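Please look over the sequence and the model shown here before reading the points below, which are meant for someone meeting this structure for the first time.

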Amino acid sequence: MTADEPIFSHTWDGRHVGISIFEIWDRIRTVTESPRKILEVGSFEGYSTSAMIRLFADRSPIEITCIDSWAGAILFDERVDPTHEARFDANVAIAVRKAENPVQLRKIKSDSFRAMASLIHEGESESFDWIYVDGSHEAKDVFLDAAGAFRLLKRGGILIFDDYLWNDPLAKGGHVNQTPKPAIDAFVKIFYDQLTVFAGAGLWQMYLRKN
Ligand SMILES: C[S@@+](CC[C@H](N)C(=O)[O-])C[C@H]1O[C@@H](n2cnc3c(N)ncnc32)[C@H](O)[C@@H]1O
């Protein structure tokens, strides 16, 4: 292992369902211009961040904003701890260094809704080409993330929710509102006339375009 290789404790890359996240995202980006201004909600150790850097910096310089509280997630029995944030820093530094074009990376350590409200307040509404939401998996939080993301997304931009079909808490007797699906369904229903859903996309993710 060299200092130029990232280290991840978890990699949610779709291999378990036989499709690579790179292939799907590469296909999705063909419906729009390749994204240059990207927002990620939920960066953890930087696996998906690094994937987006590798994929999207292939054609042009990109800007990527990464929001994470690095303060805990219901996906894990253990809480997200400082080692995960340190790994994020190290892993994305490697991805930026290896990128084919310059990458401007902005890290925002914060609750996601607060961070998105600040971006809106600072005049970044409708400026992002691609937003990937993979933060809290509690429906109430996902609903707020969806609202913030919708405001920040450009017309024609892509909005992806990870774990649309994730349902682990249900098997453990949890409430459906401990999963993202009710929030994403409510959001899509309410904004149906300003969104296009890409049917048939894999990886349990929800792929949307803002009309
Ligand atoms: C499933 S992980 C993200 C995985 C990451 N996208 C990857 O591919 O490695 C979820 C992340 O969301 C963060 N998170 C959970 N709730 C949050 C909130 N309300 N605001 C900001 N970040 C949050 C957690 O700290 C955790 O790092």
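1. Two strands are said to pair if DSSP finds at least two bridges between them. The model is a predicted one, and in it isoleucine 38 has isoleucine 64 of β2 as its bridge partner. Strand β1 (residues 37–41) pairs with β2 in the parallel sense, over five bridges, and the chain passes from β1 through α2 to β2 in a β-α-β crossover that is right-handed.

2. On strand β3 (residues 103–109), seven bridges form the link to β2, and these two strands also run parallel; here valine 103 of β3 is the bridge partner of isoleucine 62. Six of the seven residues of β2 are buried, so this strand is largely enclosed by the rest of the structure.

3. The ligand is surrounded by 21 residues, of which Gly42, Phe44, Tyr47, Ser48 and Ser136 are the closest. The elements giving two or more residues to this shell are α2 (47–56) and β2 (62–68).

4. Two backbone angles deserve a look. Glutamate 126, in the loop between α4 (112–121) and β4 (128–133), has a phi near 50 degrees, a positive value in a residue other than glycine. Aspartate 163, placed in the loop between β5 (153–161) and α6 (168–171), likewise has a positive phi, near 55 degrees, and is not a glycine.

5. Which of the classes, buried or partly exposed, does aspartate 163 belong to? Aspartate 163 counts as buried because it has 22 C-beta neighbours inside 10 Å, whereas glutamate 126, with 13 such neighbours, counts as partly exposed.

Terms used. Residues numbered from 1 in each chain as written. Predicted model: local features only at pLDDT ≥ 70, side-chain atom pairs only at ≥ 80, totals over all residues. Near = placed C-beta within 6 Å. Helix = DSSP H or I, 4+ residues; strand = E, 2+ residues; numbered from the N terminus. Buried ≥ 20, exposed ≤ 12 C-beta atoms within 10 Å, placed from the backbone. Right-handed = clockwise from strand over helix to strand, strands pointing away.
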